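Here's a quick briefing to read alongside the model. Have the structure open and follow the topics in turn.

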Amino acid sequence: MGYQNLNVEVADHVALIRLDRPDAMNALSADLLEELVRALGKAQADDKVRCIVLTGSDKAFAAGADIAEMAETSFAEAFMGDLFGQQADAILRIRKPIVAAVAGYALGGGCELAMMCDIVIAADTAKFGQPEINLGIVAGMGGTQRLTRAVGKAKAMDMHLTGRFMSAEEAERSGLVSRVVPAKKVVDEALAAAAKIAEKSMVTATAVKEAVNASQEMPLAQGLLFERRLFHALFATEDQAEGMSAFVDKREAQFRDR
């Protein structure tokens, strides 16, 4: 089955998923989110895919949720239907690393979607924001929680309460994105990062993702113990033996994901 709101390509062990609703600035409609969950699930299940790149257009990664679609939603409908909950949970269950390549607007749900990814590479044109307050609502896919953890309470309050946008440069200084590159190079930079990740042991990459994500949920002492147990556990893998042997022998490791 094809996609109406996405373009998906798989090459060199990397799945490139591009949001494609140009007339709506890639607004996150229910149909787009369902397709995105399906595409990510297929990438997770595909043994040929070792890393995922998620991007939008030059003008917008995603300019937010589809307001026209939500405007007439009642509290009961939003609450009983768990609006955005199931899709967000499904995205967060993806175990393979996801690299976001963000150009243009990443606002509201678009900013939240970027923050669900594991690495965010921003074009110098990128603008991040959580302007839900202008619509009389609050962020609904983790914006108040992940943004605060990424940039701190002061900046998060500023963005959520005033609705102001954060430039790519400020986002990098604040820890929201890992690097900023020229807009023409942002997808290539993300693909290069994904290709580098794809060279690694997927067992180890999955453990890294779980450990770093756990740091956002656990007290430090519990997180340190979780990390140490993963560290110990990886000594049971063939990839650990191969990686250390390759280092000693001064050669490239040939990981087999075992």
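Let's start with E189, which is partly exposed because its relative accessible area is 27%; buried here means under 20% relative accessible area, exposed over 50%, and partly exposed in between, with a 1.4 Å probe and protein chains only. A word on the ground rules: this is a predicted model, where local features need pLDDT of at least 70 and side-chain atom pairs count only at pLDDT 80 or more, while totals for chains, interfaces and linings use all residues. Residues are numbered from 1 along each chain as its sequence is written, and side-chain values use heavy atoms, with hydrogens and water left out.

**Salt bridges**

- E189 pairs up with R179 in a salt bridge, and their closest N and O atoms are 3.1 Å apart; the term needs a side-chain nitrogen of Lys or Arg within 4 Å of a carboxyl oxygen of Asp or Glu.
- R179 sits in strand 10 and E189 in helix 9, so this pair ties together parts that are 10 residues apart in sequence. Helices (H or I, at least four residues) and strands (E, at least two) are DSSP runs, numbered from the N terminus.
- R179 is partly exposed too, with a relative accessible area of 32%.
- Searching the whole structure turns up 12 salt bridges.
- Another one links R258 and E238, with the closest N and O atoms 3.6 Å apart. Here E238 belongs to helix 12 (238–249) and R258 to the segment after it, so the pair ties together parts that are 20 residues apart in sequence.
- R258 is partly exposed at a relative accessible area of 43%, and E238 is partly exposed at 43% relative accessibility.
- R251 and D249 also meet through their side chains in a salt bridge (3.6 Å, N to O). R251 counts as partly exposed at 36% relative accessibility, and D249 counts as partly exposed at 47%.

- What is the strand order in the open sheet of 6 strands? It goes 1-2-3-5-7-10, with mixed pairing; two strands pair if DSSP finds at least two bridges between them.
- Strand 1 (6–11) and strand 10 (179–181) are the edge strands, each pairing on one side only.
- Neighbouring strands in this sheet are turned by 20 degrees against each other on average, direction ignored. Axes are lines fitted to C-alpha atoms, for helices over the stretch in contact, and angles run from 0 to 180 degrees between N-to-C directions.
- Strand 1 and strand 2 (residues 14–19) run antiparallel, joined by 6 bridges, and N7 stands opposite R18 in strand 2.
- Helix 1 (residues 30–45) packs on the sheet, touching strands 1, 2, 3 and 5, and its direction makes about 175 degrees with that of strand 2; contact means heavy atoms within 4.5 Å.
- Helix 9 (residues 186–198) packs on the sheet as well, touching strands 2, 3, 5, 7 and 10, with its direction at about 155 degrees to that of strand 7.

**Strand 5, under cover**

- Strand 5 (residues 98–102) is mostly covered, with 5 of its 5 residues buried.
- That goes for both faces: I98, A100 and V102 on one side and V99 and A101 on the other are all buried.
- Strand 3 (residues 51–55) pairs with strand 5 in the parallel sense over 4 bridges, and T55 has A101 as its bridge partner there.
- Strand 7 (residues 119–123) runs parallel to strand 5 and is joined to it by 4 bridges; V99 has I119 of strand 7 as its bridge partner.

- Strand 4 and strand 6 (residues 105–107) run parallel, joined by 2 bridges, and A60 has Y105 in strand 6 as its bridge partner.
- Helix 4 (residues 85–92) has G85, Q87, A88, A90 and I91 as its buried residues, and their cover includes helix 1 and helix 5 (109–116).
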